[in-house]
Amino acid sequence: MSACTRCGEKPFYTRRYSGETLCIQCFKDSISEKTRRTVSKYRMFGPRDRIAVAVSGGKDSLSLLKVLCELYRPRRNELVAISVDEGVAGYRDEALTHARSLTEELGVEHVIVSYKDLFGFSLDEALDWKEERPVSSCSFCGVFRRRAIDEAAARANATVVATAHNLDDYVQTFMMNLMHGDVARLGWLDPEYVDDSFPVRRVKPFMEIYEEEVALYAFQAGVPLQSVSCPYMHEGLRSEVRDYLNVMEANHPGIKNVLLRSSLDVISRFVRASEKESVPCRSCGNPSSNGLCNVCRMKAEVEEHINTQS
Ligand code: SF4
Ligand code: ZN
């Protein structure tokens, strides 16, 4: 590897898709620069926004918190970290410990909400009746997690929620929507699409950064790595899509970047088609497509099961 293309220092990483070789500092700076450019290109934050960073405690979200603090605190944006405790014994505790220590180190306010407090049951309790449900654990969990993030963002008085989805996540989601035949939902992926079903706007500042580079950043920035995985994680199709894209990228460096551009182009043509009419949920008042939101519907199913068990 030759010297850093930017400053001539000791090389650390070569971006195969661009041919650029970087030292550790220039690599970290490049991640911050890319994030700043993405935020500005898609108008993710304004100067008055109070930004809630959704911190699961995994390396991606901790890295996002670090990068956003470095970039936006000097611009006087207020930042707050929000975490969701799903209630998975042995898994979330470690992640939350990492989240707590980084927020303390950075001096960032940290709001934590739990499924148990919000919905009356932990994920462990809810998934006890797993075999009877037609949806995967992550799809089930995701419905409650989205609502929990909204609740945490409201408690934090945030005006925007930043999540750590990276380029790989973005392209995988695009391809999975195609494979599931969910063409009408493609428009929801548009970075400037405002989804009225979320009370607080969602943005993805890492959406133009490769997963591999976020991981490298995390390692170099001293972000702690989680040693335990969620026992319910079942990615099925997503992990096959991830493996396929990684093989394609190894054989054709830069192909993920091209796929991102193509996805954004296709998605932009579906924004209007994806706009949805919503009506307030008769139970909780949140937006819903048919008068009862998914959270209230699924919560009632869990409660019914828990009651019949006792
Ligand atoms: Fe929920 Fe799936 Fe994440 Fe586990 S891996 S916390 S089930 S979304
Ligand atoms: Zn509801």
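A residue counts as buried here when its relative accessible area is under 20%, as exposed when that area is over 50%, and as partly exposed in between, using a 1.4 Å probe and protein chains only. By that rule Arg50, at 17% relative accessibility, is buried. The model is a predicted one, in which local features need pLDDT of at least 70 and side-chain atom pairs count only at pLDDT 80 or more, while totals for chains, interfaces and linings use all residues. Residues are numbered from 1 along each chain as its sequence is written, chains are lettered from A and ligands numbered from 1 in the order in which they are written, and side-chain values use heavy atoms, with hydrogens and water left out.

Now for the overall picture. The chain holds 12 helices and nine strands; these are DSSP runs numbered from the N terminus, with helices being H or I of at least four residues and strands being E of at least two. Its C-alpha trace spans about 65 × 40 × 40 Å along the principal axes. For 310 residues, a compact globule would have a radius of gyration near 19 Å, and the chain agrees with that at 20 Å. That radius is taken over C-alpha atoms, and the globule rule is 2.2 Å times the number of residues to the power 0.38. Of the 310 residues, 48% are buried.

Setting aside neighbours within four places in sequence, Arg50 is in contact with Glu78, Val80, Glu109 and the run Ala156, Asn157, Ala158, Thr159 and Val160. Ile51 also has its place in strand β3, and it is buried with a relative accessible area of 0%. Beyond four places in sequence, Ile51 touches Phe45, Leu68, Tyr72, Asn77, Glu78, Leu79, Val80, Val160 and Ala162. Ile51 and Ala158 are 107 residues apart in sequence, yet their C-alpha atoms are 5.7 Å apart in space.

Another buried spot is Tyr217, at 4% relative accessibility, which is found in helix α8 (residues 211–220). Its C-alpha atom is separated by 7.8 Å from that of Phe27, 190 residues away along the chain. Phe27 is also among the residues that Tyr217 touches beyond four places in sequence, along with Lys28, Ile31, Ser63, Lys66, Val67 and Glu70. Asn307, in helix α12, is exposed instead, at 55% relative accessibility. Asn307 and Glu240 are 67 residues apart in sequence and 38 Å apart in space, C-alpha to C-alpha.

Backbone angles come next. Most residues other than glycine have a negative phi. Arg43, however, has a positive phi near 45°. Arg43 sits in the loop between α1 (24–41) and β3 and is exposed, with a relative accessible area of 61%. Asn157 is also not a glycine but has a positive phi of about 55°. The place of Asn157 is the loop between α6 and β6 (160–162), where the residue is exposed at 58% relative accessible area.

Then there are the ligands. Ligand 1 is surrounded by Glu86, Leu123, Cys138, Cys141, Arg145, Cys230, Tyr232 and Met233, a residue being near a molecule or strand if one of its heavy atoms lies within 4 Å of it. Helix α6 (residues 137–155) supplies the largest share of this shell, three residues. The shell has six nonpolar residues, no polar ones and two charged ones. In this grouping, Ala, Val, Leu, Ile, Met, Phe, Trp, Tyr, Cys and Pro are nonpolar, Asp, Glu, Lys and Arg are charged, and the others, Gly among them, are polar.

Ligand 2 is a zinc ion, and its protein donors are the SG atoms of Cys281, Cys284, Cys293 and Cys296, lying 2.2 to 2.3 Å from it. Donors are N, O and S atoms within 2.8 Å of the metal (3.2 Å for Na, K and Ca), and since water is not among the atoms, sites may look incomplete. The arrangement is tetrahedral because the four donor atoms subtend angles of 104 to 115°, where four donors count as tetrahedral if all angles lie between 85 and 135 degrees. In sequence, the donor residues follow the spacing C-x2-C-x8-C-x2-C. Cys281 lies in the loop between β8 (279–280) and β9 (287–288), and Cys293, 12 residues apart from it, in the loop between β9 and α12 (294–309). Cys281 is buried at 4% relative accessible area, and Cys293 is buried at 3%.

Definitions and conventions. Four donors count as tetrahedral if all angles lie between 85 and 135 degrees; four count as square planar and six as octahedral if opposite donors are over 155 degrees apart and all others between 65 and 115; anything else is irregular. Contact means heavy atoms within 4.5 Å.
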